[in-house]
Amino acid sequence: MKMKYELKYDRNNRIRVRCGMGAFSFEKARGIEALLLDDEHILNATAADANGSITLEYESGARDRVIETLDNLDLSEIKPATELSMKVLDNKVFFDIIKQAVLRGVSKYILPTPISTIYTLYKAWQFIKEGLKELRQLRLNVAVLDAAAVSSAILMRQFSTASSIMYMLSISEIFEDYTKRKAKITLAKSIAINVDKVWVVNKDVEVEVPLSSVKKGDLIRVRTGCMVPVDGEICSGLADINQSTLTGEPLAIPREKGDTVFAGTTVENGDIVIRTDKLPSDARVSKIVDLIENSNDLKANIQTKAEHVANKIVPFNFFGAGLVLLFTRNITKAAAVLMVDYSCGLKITTSISVISAMKQATTEGMMVKGGKHLETLSEVDTVVFDKTGTLTKATPVLERIISLSDKYTEDELLKVAACIEEHFPHSVARAIVKAAMDRRIEHREEHTEVNYIVAHGISTTLYGEKVVIGSKHFILEDEQSDVSNEAREIIAGISTTNSAVYLAIGGKLVGIFLVEDPPREEAREVIESLRKSGIKKVIMLTGDSENAAKAVAEKIGVDEYRSQVLPDDKNRIIKELQDAGSTVMMVGDGINDSPALAAADVSVAMRDGSDIAREVADITLPGDLYQLVTVKNIGNALIKKINKNHMAIIGCNSLFMLGGITNVIGLNTAAFLHNASTMAISVDSMKQLDIKEKS
């Protein structure tokens, strides 16, 4: 069924149409925006569910095309999009709360008493109906308690009290829904396709092009450590694909020619060419929808615990009300036990605290994939760091090139190295490529397929000769490259504080690249601050030599370090620490860090790290190590705030309940104080967490 609309504005490359109130929902409005923005002629699209309007900005001369797109829009076929912007979601929760407050005010102060009573009875029936539904399934939970509290107030003709109870419950539901949406949106954004350019294969020549220019049928090469940018079929090559963002499976799955791969997954090891089946925009929308429908619960465990505690208290509320009624024969006193409960406060303040903590982390530029990760941070006592790109600077520089062959000049060696290294997202590789750019050295695609051996190096063929580049162990021992006596003397004199990349052509060592990668200036101070925040042990892992690792470890002040560590070793070390009773946070940024990141209790990646590291990690930082201390303190302060709230709620509500039972305060007053204290604690929970002091 085609969308019916009325044209309200049409000038200056801008169109606004009105479909009428109720034409589409808030979620479907986001789907409309996503669909319209797929049109290359539409620059901006905004759909407002409140009045059913759609506003479009388009390229000059594309009006007829835009009108045709609107004419063909079928609302029944548009899937509700759940990739909502944080701003839109924040606005929605704000207006929902305002709406509830306005309805409450109108009902209490403006509507005539008979109409207000009818409105209250209508709302009460919604709660009662939900409570009866739970009772029919033999469940005695918060929904039943809410229904009982509202029913008690109605039976005693305390309509204002019933309205207040329902108002607070509605606010609680708004915040609970907001928490769930925010957590899932954060995760959706974190695994979105953060790829700007891809390598398109055209007649055996690879050309780097913007992802936005990719068309159906294009052949795209994806190498180790890179994210798959499109949905498609593998035409050549084989690879281990990490599909955890779609399936939740932590282990990589082997994929070969003829198999289908999906956008947002990552090549852990291998090299494949994919024929594009769907445009990037289509694949992204599909992936995010699948994620939202199938993702695990992202609430903090403490939120779940609060809900479970609230449900477990319910039977005691009813038991207490029954006892009071039995001994006093006073229904008003019994009702006080039902109306002044703990569940509402426990649920709403916990949700608000988690929301505020996640918002505070987002304000700091961090990407947290769920409140549960902030809670885990508060329990962390051991931090394991990768060295390169994490404790050291993210932008190392090529300090020196050593030519070991008369056949090749420094520039020729750099040209070969840059040509191979440009395909791989590693800080040392970027240093070599940048050095070639700075020297204005053009490095064309003259080699054959590139094979990346994780944590070792790269192998390819150039002009019929095998070319390998990587670590000393890989080149000299694994590849058994020939080394002259003169070269051995030079190697022996190389500074152990630099990272050395070895290049061999035709089985002979021809060059060495020395990359300077000094520790970050803030590393020592960050480690000291982490100890103040509750961290008992700091460990550094690196694939570098013993001397290089020791030099960095002494400068930054870690408790332990391990050198010449392979990816499997990192994973094993994490598990050994966990088996010993430690709660471990892993911080890394490279392809070889991904197994350890996945194994840790909570994992942190740097934003300029590899695709797979960011995908696997629970938290992504913009690049400043100081923010590691900040996010740790946010986690500590969150739990401290929630525990403080729980004590306040239990203490206040116990007093109000006792006051109602003993007739020190009336039922209306008890209900009012219960709601007022919950609101006060909720408002306090919205404040920024104090993360400057030791939490």
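**A close look at one residue**

Tutor: Let's start with D271, which is buried, as its relative accessible area is 6% (buried means under 20% relative accessible area, exposed over 50% and partly exposed in between, with a 1.4 Å probe and protein chains only). Before going on, please note that this is a predicted model, in which local features need pLDDT of at least 70 and side-chain atom pairs count only at pLDDT 80 or more, while totals for chains, interfaces and linings use all residues. Residues are numbered from 1 along each chain as its sequence is written, and side-chain values use heavy atoms, with hydrogens and water left out.

D271 belongs to strand 11, which covers residues 266-276 (helices, H or I with at least four residues, and strands, E with at least two, are DSSP runs numbered from the N terminus). Its side chain is joined to that of R221 by a polar contact of 2.8 Å. A polar contact here is a pair of N or O atoms within 3.5 Å; within protein, one must be able to donate a hydrogen and the other to accept it, and residues adjacent in sequence count only if both atoms are side-chain atoms. Setting aside residues up to four places away in sequence, D271 touches R221, V222, R223, S236, G237, L238, A239 and V450 (contact means heavy atoms within 4.5 Å).

Now for the wider chain. It holds 24 helices and 24 strands, and 53% of its 695 residues are buried. Of the contacts in the chain with a separation of 6 or more, 68% are between residues 24 or more positions apart.

The C-alpha atoms of L145 and P315 are 8.7 Å apart, although 170 residues separate them along the chain. Beyond four places in sequence, L145 touches V314, N317, F318, L338, D341 and S343. A148 is also found in helix 5, residues 142-155, and is buried at a relative accessible area of 17%. A148 touches F318 and L338, again leaving out residues up to four places away in sequence. Between the C-alpha atoms of A148 and A335, 187 residues apart along the chain, the separation is 8.8 Å.

V368 is another case, placed in strand 12, residues 367-368. With 2% relative accessibility, V368 counts as buried.

Next, a pair of helices. Two packed helices are described by the angle between their axes and the distance between the axes. Helix 12 (residues 371-379) and helix 23 (residues 626-661) pack at about 95°, with axes 7 Å apart; axes are lines fitted to C-alpha atoms, for helices over the stretch in contact, and angles run from 0 to 180 degrees between N-to-C directions. These two helices are therefore roughly perpendicular to each other (under 35 degrees counts as roughly parallel, over 145 as roughly antiparallel, 65 to 115 as roughly perpendicular and the rest as oblique). From helix 12, L374, E375, L377, S378 and E379 meet V631, K632, I634, G635, N636, L638 and I639 of helix 23. The residues of this contact divide into six nonpolar, three polar and three charged, where Ala, Val, Leu, Ile, Met, Phe, Trp, Tyr, Cys and Pro count as nonpolar, Asp, Glu, Lys and Arg as charged, and the others, Gly among them, as polar.

Finally, a word on backbone angles. Most residues other than glycine have a negative phi, and most peptide bonds are trans. N12 has a positive phi near 55° and sits in the loop between strand 1 (6-11) and strand 2 (14-18). N12 is exposed, with a relative accessible area of 66%. R440, also not a glycine, has a positive phi of about 60°. R440 lies in the loop between helix 15 (427-438) and strand 15 (451-453), and at 75% relative accessibility R440 counts as exposed.
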